[in-house]
Amino acid sequence: KYVIRGFATEAPEVSEDALYDGQVTNRALQVMRDIAAQDEPFFLGVGFLRPHLPFIAPKKYWDLYDRSEIKIAENNFPPRDAPPISLQVHWSGARAQSDVPNSGAILPEQSRELIHGYYACISYVDALVGRLLDELDRLGLRENTIIMLWGDHGFSLGENSMWAKLTNLEMSTHAPLMVAVPDGRGAGQHSNALVEFVDMYPSLSELAGLPLPDHLEGTSFVPLLTDPQRPWKSAAFSQYYRRAIANYRVNPLAIDTPLGYRDYPKTGTMGYSMRTDRYRFTLWQEDGHPEVIRGLELYDHVLDPAENVNIAGHPEQAELVAELTRQLRAGWVAAQPQP
């Protein structure tokens with residue numbers, strides 16, 4: 001069951017400030033002015049709602065894009081041989097919108113509309129971030145302020161037949177992260193190193209000269225600002241939970257799966273996922289029973305960056321699956337970068 005909301009998209013002819021994220025920005029700007037007047041150290045977190053569904057942004061940001069030129073996902077099918085439990089079959093974020101069908105695929109024209117809305121929302125938030133940065137400059141705070149911009153998850157726009165998030169696939173677990181520090185370290189550079197959300201606290205603390213408690217599981221990525229290509233973590237970890245079968249709908253697109261509705265687990269299952277420099281490996285394990293494996297996923301990002309084929313069950317991958325299983329169970333401690 002879903003809490004039905006309004007339309008999935010809207011392009012009102014209003015100012016930036018008329019919408020929630022514009023109001024958040026105005027509040028943040030006032031806080032920054034108050035901080036500058038006090039001349040005290042500060043931490044300011046500004047959270048934007050967009051580009052979450054529904055995709056609502058002022059019309060001028062929709063006008064930046066020509067919908068006829070927007071391409072829909074080419075891989076609008078579930079990963080071949082993926083275990084059913086790995087698939088986000090209900091798209092709760094998307095299907096909760098009143099104009100999105102309750103079942104089945106989203107047709108191409110609506111797909112383009114949704115992608116158009118996603119782009120418009122990103123451009124809207126981009127402009128709001130620009131206002132914050134401009135105010136930092138105007139107040140003279142930029143020269144001693146650390147800036148981190150990140151998203152809390154990825155977002156599928158029809159890839160692998162899914163919309164929104166709620167999977168352990170790359171489209172859900174890969175999020176943007178940008179960092180700017182006053183001394184300019186790493187400015188304009190890009191790193192392929194594996195970084196996780198748990199790394200942000202120790203990184204900010206190190207940059208601010210604050211002590212770190214011993215219990216942290218994250219690793220400061222400050223060394224990457226100086227040397228973005230240096231060897232780093234061997235793996236990054238994430239997890240997503242699947243509830244019991246009573247809350248599932250059968251994915252009508254996964255008709256070639258060897259498992260039917262009756263074969264779904266009747267208890268909750270946790271998907272533990274690990275990203276290395278080449279592979280994404282996910283182990284679906286029954287709650288309270290780690291020996292009960294409900295599914296395995298293995299995607300080779302060199303040969304299959306879109307994660308279209310799960311090769312975990314291929315006989316020639318058995319040794320690699322065993323090694324990645326050992327690495328996953330060894331966890332974050334074994335994956336830390338060498339000094």
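**Close-up views of a predicted model**

View 1. Arginine 131 counts as partly exposed, at 24% relative accessibility.

**View 2. Helices H1 and H4 lie side by side.** Two packed helices are described by the angle between their axes and the distance between the axes. Here the axes of helix H1 (residues 20-38) and H4 come within 10 Å and cross at roughly 10°; the two helices are therefore roughly parallel to each other. On the H1 side, the residues that meet H4 include Leu29, Met32 and Arg33, and their counterparts in H4 include Leu128, Arg131 and Leu132.

**View 3. Serine 123 is tucked into H4.** Helix H4 spans residues 108-138, and serine 123 has its place there. With a relative accessible area of 14%, serine 123 is buried. Leaving aside residues up to four places away in sequence, serine 123 touches Tyr61, Leu64 and Tyr65.

View 4. Glutamate 170 and arginine 280 form a salt bridge, and their closest N and O atoms are 2.9 Å apart. Glutamate 170 belongs to helix H5 (residues 170-173) and arginine 280 to strand S9 (residues 279-286), so the pair ties together parts that are 110 residues apart in sequence. Glutamate 170 counts as buried at 12% relative accessibility, and arginine 280 also counts as buried, at 4%.

**View 5. Helix H6 and its packing partners.** In helix H6 (residues 200-208), the buried residues are Met200, Pro202, Ser203, Ser205 and Leu207. They pack against strand S3 (147-150), strand S6 (177-180) and helix H7 (222-226).

**View 6. A nonpolar patch on the surface.** Trp150, Leu177 and Phe197 make up this patch, and together they have about 300 Å² of accessible area. Tryptophan 150 lies in strand S3 and is partly exposed, with a relative accessible area of 43%.

Terms used: Residues are numbered from 1 along each chain as its sequence is written. This is a predicted model: local features need pLDDT of at least 70, side-chain atom pairs count only at pLDDT 80 or more; totals for chains, interfaces and linings use all residues. Side-chain values use heavy atoms; hydrogens and water are left out. Helices (H or I, at least four residues) and strands (E, at least two) are DSSP runs, numbered from the N terminus. Buried means under 20% relative accessible area, exposed over 50%, partly exposed in between (1.4 Å probe, protein chains only). Contact means heavy atoms within 4.5 Å. Patches are made of residues with over 30% relative accessible area and no salt bridge: like charges are joined within 9 Å, nonpolar side chains (Val, Leu, Ile, Met, Phe, Trp, Tyr) within 5 Å. Accessible areas come from the Shrake-Rupley method with a 1.4 Å probe; for residues, only the protein chains shown count as cover. A salt bridge is a side-chain nitrogen of Lys or Arg within 4 Å of a carboxyl oxygen of Asp or Glu. Axes are lines fitted to C-alpha atoms, for helices over the stretch in contact, and angles run from 0 to 180 degrees between N-to-C directions. Angles under 35 degrees count as roughly parallel, over 145 as roughly antiparallel, 65 to 115 as roughly perpendicular and the rest as oblique.
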